[in-house]
Amino acid sequence: MSLVIKGASLLGEQTRDLYVDDAGVLVDEAPAGAETVDADGLVALPGLVDLHTHLREPGREDAETILTGSQAAALGGYTAVLAMANTSPVTDTAEAATRVWELGREAGLVHVQPVGAVTRGLAGEELAELGLMHRSRAAVKVFSDDGKCVHDARVMRRALEYVKAFGGVVSQHSQDPTLAGPAACCHEGELSGRLGLPGWPGIAEEVIVARDVMLARHTGSRVHVAHVSTAGSVDVLRWAKAQAQRDGTWEVTAEVTPHHLLLTTDLLTGYDPTYKVNPPLRPQEDVDALRAALVDGTIDAVATDHAPHARHDKEHAFVDAAFGMLGIETALGVVRTALPDLSWTDVARVMSTTPARIAGLAEQGRPLEPGSPAHVVLVDPTASVTVDRDASASLSRNNPWHGRSLSSRVVHTVYAGRVTVRDGALA
Amino acid sequence: MKHLLSIDDLSTDEIHQLFETAADMHDVQSREVKKLPALRGRTVVNMFFEDSTRTRSSFEIAGKWLSADVINVSAKGSSTSKGESLRDTVLTVCAMGVDGLVIRHPASGAAVQVSQWVDAAVVNAGDGMHEHPTQALLDAYTLQRHLGSLEGRHVAIIGDLAHSRVFRSNIQCLTRLGARVTVVAPPTLMPSGIGAWSAAAGFETSYDIDSVLPDADAVMMLRVQRERMSGAFFPSPREYTVGYGLTRNRLALLKPDVPICHPGPMNRGLEIAADAADAAQSVVLEQVSSGLAIRMAVLYHLLAGDTRGGIA
C-alpha cells in the first residue's frame with residue numbers, strides 16, 4: 001500500500017508531503033492510488049529506535065509478549081526495538097535469537113532485534129555463543145547481560161575483544177554487585193537511610209563505567225553503557241569520550257532512560273514498588289547532570305528499559321518486589337516534558353539516528369528523504385497526554401506515569417510503509 | 001489515628017495521650033484481675049513474618065487483657081517463595097473479619113503498604129530496618145517515669161544504627177518530646193546520609209562513646225548482630241566491644257542513676273556487659289512491663305470505638 005503523508009513538518013522545520021511506494025520506501029513523487037495520511041500540523045521524525053526493551057517472551061508471556069510489546073512500541077512511535085536477553089530461556093544461542101527475531105517478524109509492527117547474552121545463562125562466567133548469534137538470521141550485534149553486570153573483569157575483557165571480529169558491541173549493566181548487599185533496592189542516600197531500605201550507592205555504577213571504558217580502550221573495542229544514572233558516570237563518560245575521539249581506535253557510547261530524566265528518588269517515600277527500578281531513581285542533582293549530558297552529546301541516546309511485570313510480582317514488600325517500570329509508550333512524551341527546549345533534530349538524534357547507528361540497524365534512523373525505508377513517526381507537538389495505565393497496549397500495569405500529563409502526542413506511526421498507528425490507536 | 005505505622009503518624013499531643021492511657025493500663029497490671037472489657041468482641045491478629053518472642057507475646061497479652069480475641073498467625077518464610085504476593089496473604093487473613101492487624105515483617109515499608117490494602121487498623125510491630133513505633137513509645141514512656149519530662153534531657157543511642165528500626169522510631173519520638181539526642185556508632189554502622197538527616201532533624205552524631213557517656217541523662221544500647229562481620233561492618237566482636245560496648249569500665253563514666261535501656265534481645269558481652277545489663281540503674285525489665293502498657297494503650301486507642309470516656 002503506497003502512502004501520501006500530507007503536510008508534515010520535517011524535524012519541525014520545512015513542511016512538505018512524504019511519498020511512500022508499494023515497497024515501503026520513500027520516493028520523489030506521489031504514487032498513483034496512494035492512501036493519504038493527514039499530517040497537517042504534525043512533526044515528522046524518523047521512526048524511533050529503542051536500544052533497551054524487555055519483551056518477556058519467551059518465559060513470561062503473562063507480563064508481555066513480543067506482539068503486545070511491539071504494539072506498545074508502535075504506539076510510542078517506535079519502528080525498532082532491541083529485545084533484551086534476560087528471558088527464559090535466555091537469548092544465549094543462535095536458535096533462541098532467531099526465535100525472537102521470527103516472532104518479531106510475525107508481529108510485524110516494529111523491527112524486533114534480539115540482543116544476545118554476553119555470558120551463558122547470564123551467569124557471568126563463560127561467553128555465550130556470540131559469533132553464532134551474529135551469524136544467525138537475527139544477525140545479533142549487540143550483546144548484554146542486562147539485569148546483571150558482567151562483573152568479572154576478565155570475562156568483560158574477553159567479550160570486548162571477541163566481538164571485534166564482527167563489529168559487535170557490549171552493552172553493560174554497570175553495577176558492582178559487591179558494593180551493595182543482595183537486597184539493595186534503591187538509591188543509597190539520606191532517604192534510604194531514613195526509610196531503612198538497603199541501597200546502591202552511585203559509586204557502584206561509576207566504578208564499573210570507569211573500569212569498562214579502560215577495558216574498551218585497552219582492547220580497542222566498543223562498549224555501550226546502558227541506563228546511565230549518576231552524575232559521576234557522566235563525568236567518567238565525558239573524559240572517556242574525549243580520549244576515544246582522540247585515539248580513534250575504540251568507542252564508548254551511552255544511553256539514559258526517560259525515567260532517569262524526570263523521576264527522582266523522593267518518590268520512594270510511600271514504598272510504592274511501582275517506583276522500584278534498577279538502576280534506581282536518583283536525586284535531582286543526578287537528573288540535572290543526565291539532562292545536560294544528553295543535550296551535549298556525552299550521553300548518545302534515550303533508551304526506555306521498558307520492563308513489564310505482572311501485577312502480582314509488584315504486590316510484595318518493596319525489597320521483594322520486581323525491578324522495573326513501563327516506558328515505551330510514554331518515552332517521547334517524557335523526553336519532551338523533561339527537555340522542552342530540545343530541538344526536534346536533537347530528539348531524532350537521541351531517539352532514532354544514533355541508537356540505530358549504535359545497534360547497527362542500517363535500515364533504521366535514516367533521513368526522511370527518497371531512498372530511505374519509510375519508518376516515520378508523526379507527532380503533535382502542541383498536544384499533551386494524561387497517561388492512563390489501563391489504556392496501555394502492554395499486558396502490564398507497572399506504569400509510573402499514570403495520571404501524569406506529558407507533552408506532545410504520537411499521532412501516526414509508519415513502519416516500512418505500513419501504518420501501524422493511526423490517530424493514536426493501533427491501525 | 002487510624003493506624004500506627006510510624007511515630008510520624010502521631011502528634012505530640014497523641015503521644016502524651018497514649019502515655020496517660022498507658023499509665024492507667026500500668027495500674028491495671030498490678031490488679032489481681034487484670035482483664036478490662038474494652039475490646040470485647042474485637043478481633044486482633046498478630047501477623048508475624050519474622051521470628052519474635054517478646055513483641056508477639058507482648059501484643060498478645062495486651063490484647064487479651066483488653067478482652068479482644070487475639071489470634072497469632074506465623075507467616076514466616078517470605079510469601080514470595082510460596083508464590084503468593086504479600087497483598088494476597090494479608091487480604092486472605094483480613095477476609096476472616098479482623099479489626100486490628102499487628103504486623104511484623106522483615107521488609108522496610110511492609111506495614112505502610114499493607115495499610116493501603118486492608119480496612120483493619122494496622123499496627124506496625126517492626127518493619128525491616130524502618131520503624132518499630134511501639135518500642136520507641138515504650139522507651140520514652142519508661143524514661144519519663146525515671147526522668148520526668150524529657151525536655152532538654154540528653155539521651156545517647158549507641159549501636160548498630162544502620163540496621164535498627166528501634167533507632168529510626170526512637171530518634172523521632174525522643175526529639176519530638178524535646179530530648180537532646182546523640183547517636184554513637186562506628187561509621188560503617190551509621191545510616192547512609194546521616195549527616196544531612198541529623199542536621200535537618202536536630203540530633204548529634206559521634207564515633208566516640210567515651211566522650212558522650214559522661215554527659216548523658218539516659219543511655220539506650222542497641223543490639224549488634226555478630227554476623228555483621230560478614231558484611232565487613234566491623235572487624236570482630238572483640239573490637240566492637242572495645243570501641244562501642246557498654247563495658248564495666250564505661251559504667252563508671254555515667255552520672256549516677258542514669259537509666260540504661262536495651263530493646264532486647266541483649267548480646268551480653270558484645271554491646272552490653274553483664275555488669276551494665278544487671279546494674280541497679282538498668283531498666284531493661286521495666287521496659288518489658290512498660291511495653292505491655294503501651295501496647296494496651298495503642299490497641300485501646302485504635303480499636304475501642306469511643307476513647308473519650310477513659311478506661312474506668
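Which residue of β17(A) does A:V377 stand opposite? In this predicted model, the residue of β17(A) that faces A:V377 is A:T413. The strands concerned are β16 (residues 376-386) and β17 (residues 405-415) of chain A, which run antiparallel and are joined by eight bridges. Strand β16(A) is also joined to strand β5 (residues 43-46) of chain A, again in the antiparallel sense, by four bridges. Here A:V377 is the bridge partner of A:L45. In general, the strands of a sheet pair through backbone hydrogen bonds, in either a parallel or an antiparallel arrangement.

Chain A also contains helix α1 (residues 66-75), which is mostly covered, with 10 of its 10 residues buried. Among these buried residues are A:I66, A:L67 and A:L75, but also A:T68, A:S70 and A:Q71. Just after α1(A), A:G77 takes a positive phi of about 95 degrees.

Chain B is divided into domain 1 (7-131 + 288-303) and domain 2 (133-284). The centres of the two domains of chain B, taken over C-alpha atoms, are separated by 25 Å. Their contact takes 21 residues from domain 1 and 18 residues from domain 2 of chain B. On the domain 1 side, the elements of chain B that give two or more residues are α1 (12-29), β4 (121-127) and α13 (284-303). By class, this side of domain 1 has nine nonpolar, seven polar and five charged residues.

Parallel pairing is found in chain B. Strand β1 (residues 43-48) and strand β2 (residues 69-74) of chain B run parallel and are joined by six bridges. One of the bridge pairs places B:N46 with B:N72 in β2(B). Together with helix α2 (residues 54-65) of chain B, β1(B) and β2(B) make a right-handed β-α-β unit.

An open sheet of five strands in chain B has the order β7-β6-β5-β8-β9, with parallel pairing. The edges are taken by β7 (204-206) and β9 (260-261) of chain B; each has a single partner strand, so one side of each is left without a neighbour in the sheet. The pairing of β9(B) with strand β8 (residues 218-221) of chain B is parallel and rests on two bridges. B:M220 has B:C261 of β9(B) as its bridge partner.

The two chains also touch each other: 24 residues of chain B are in contact with 20 residues of chain A. On the chain B side, α4 (86-94), α5 (110-115), α7 (165-176) and α8 (194-201) each supply at least two residues. The residues on this side of chain B divide into nine nonpolar, 12 polar and three charged.

The largest nonpolar core has 234 residues. Those with the most contacts inside this core include A:A44, A:L290 and A:V335 of chain A, as well as B:V219 and B:L299 of chain B. Helix α13(B) gives the most to this core, with 11 residues. At least three residues of the core are drawn from each of domain 1 and domain 2 of chain B. Leaving aside neighbours within four places in sequence, B:L299 is in contact with B:L39, B:V44, B:A62, B:G63, B:L66, B:A68 and B:G100. More generally, nonpolar side chains tend to be buried together in soluble globular proteins.

Methods:
Residues are numbered from 1 along each chain as its sequence is written. Chains are lettered from A and ligands numbered from 1 in the order in which they are written. This is a predicted model: local features need pLDDT of at least 70, side-chain atom pairs count only at pLDDT 80 or more; totals for chains, interfaces and linings use all residues. Two strands pair if DSSP finds at least two bridges between them. A crossover is right-handed if, with the strands pointing away from the viewer, the path from the first strand over the helix to the second runs clockwise. Two residues are in contact if their C-beta atoms, placed from the backbone, lie within 7 Å. Ala, Val, Leu, Ile, Met, Phe, Trp, Tyr, Cys and Pro count as nonpolar, Asp, Glu, Lys and Arg as charged, and the others, Gly among them, as polar. Domain bounds come from an automatic or database domain assignment. A residue is buried if 20 or more other C-beta atoms lie within 10 Å of its own, exposed if 12 or fewer, and partly exposed in between; C-beta atoms are placed from the backbone. A nonpolar core is a set of buried Ala, Val, Leu, Ile, Met, Phe, Trp, Tyr and Cys residues joined through C-beta atoms within 7 Å.
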